[in-house]
Amino acid sequence: QVQLVESGGGSVQAGGSLRLSCVISELDGRSRCVGWFRQVPGKERVGVGRISFGVSFEDSSADYVDSVRGRFTISFEKHKRTVFLQMTSLKPEDSGVYYCAAAPVGYCTAAFLVRPPSVAVWGQGTEVSVSN
């Protein structure tokens, strides 16, 4: 079973930056698609971006939802088995608990961020608070 551990959340003022980390226990076919999601109390998780990997995890491609495109960047360091979510120009509406989720690459379409598959594995989340 692939396991994910997020970290890096915190409290910042609007306009600030944070970098979230998602450490992946196993780099294999079950984790070639990793997405980042945000959830606020009483609402469903909302996808913010995803990254898909080639078979050897040497190549990758990232995509973002419109609300964060240009402000958030997803990157990967293979030797650390870690996917990062660099968040800049943060807004109060970016606040929430951020989760990463992993799934096989066949699920790595835009739909992954809207309706994650039941096979997706989730981390425990890390909280981000952005204040004015």
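Reader: On what basis are the values given?

Author: This is a predicted model, in which local features need pLDDT of at least 70 and side-chain atom pairs count only at pLDDT 80 or more, while totals for chains, interfaces and linings use all residues. Residues are numbered from 1 along each chain as its sequence is written, and side-chain values use heavy atoms, with hydrogens and water left out.

Reader: What makes up the secondary structure of the chain?

Author: The chain has 1 helix and 11 strands, where helices (H or I, at least four residues) and strands (E, at least two) are DSSP runs numbered from the N terminus. Their order along the sequence is β-β-β-β-β-β-β-β-β-α-β-β.

Reader: Why is the chain called as compact as a globular protein of its length?

Author: The radius of gyration, taken over C-alpha atoms, is set against the globule rule, 2.2 Å times the number of residues to the power 0.38. The chain has a radius of gyration of 14 Å, and the rule gives 14 Å for 132 residues; therefore the chain is as compact as a globular protein of that length. Its C-alpha atoms fill a box of roughly 40 × 30 × 25 Å along the principal axes.

Reader: Why is F57 called buried?

Author: Buried means under 20% relative accessible area, exposed over 50%, and partly exposed in between (1.4 Å probe, protein chains only). F57 has a relative accessible area of 5%, so F57 is buried. This residue lies in the loop between β5 (46-53) and β6 (60-64), and its phi is near 65°, a positive value in a residue other than glycine.

Reader: Why does R81 count as partly exposed?

Author: R81 has 35% relative accessibility and therefore counts as partly exposed. R81 is in the loop between β7 (72-77) and β8 (82-87); phi of R81 is near 50°, again positive in a residue other than glycine.

Reader: What makes β1 and β3 a pair?

Author: Two strands pair if DSSP finds at least two bridges between them. Strand β1 is joined to β3 (residues 18-24) by 4 bridges, and the two run antiparallel. Within this pairing, V5 stands opposite V23 in β3.
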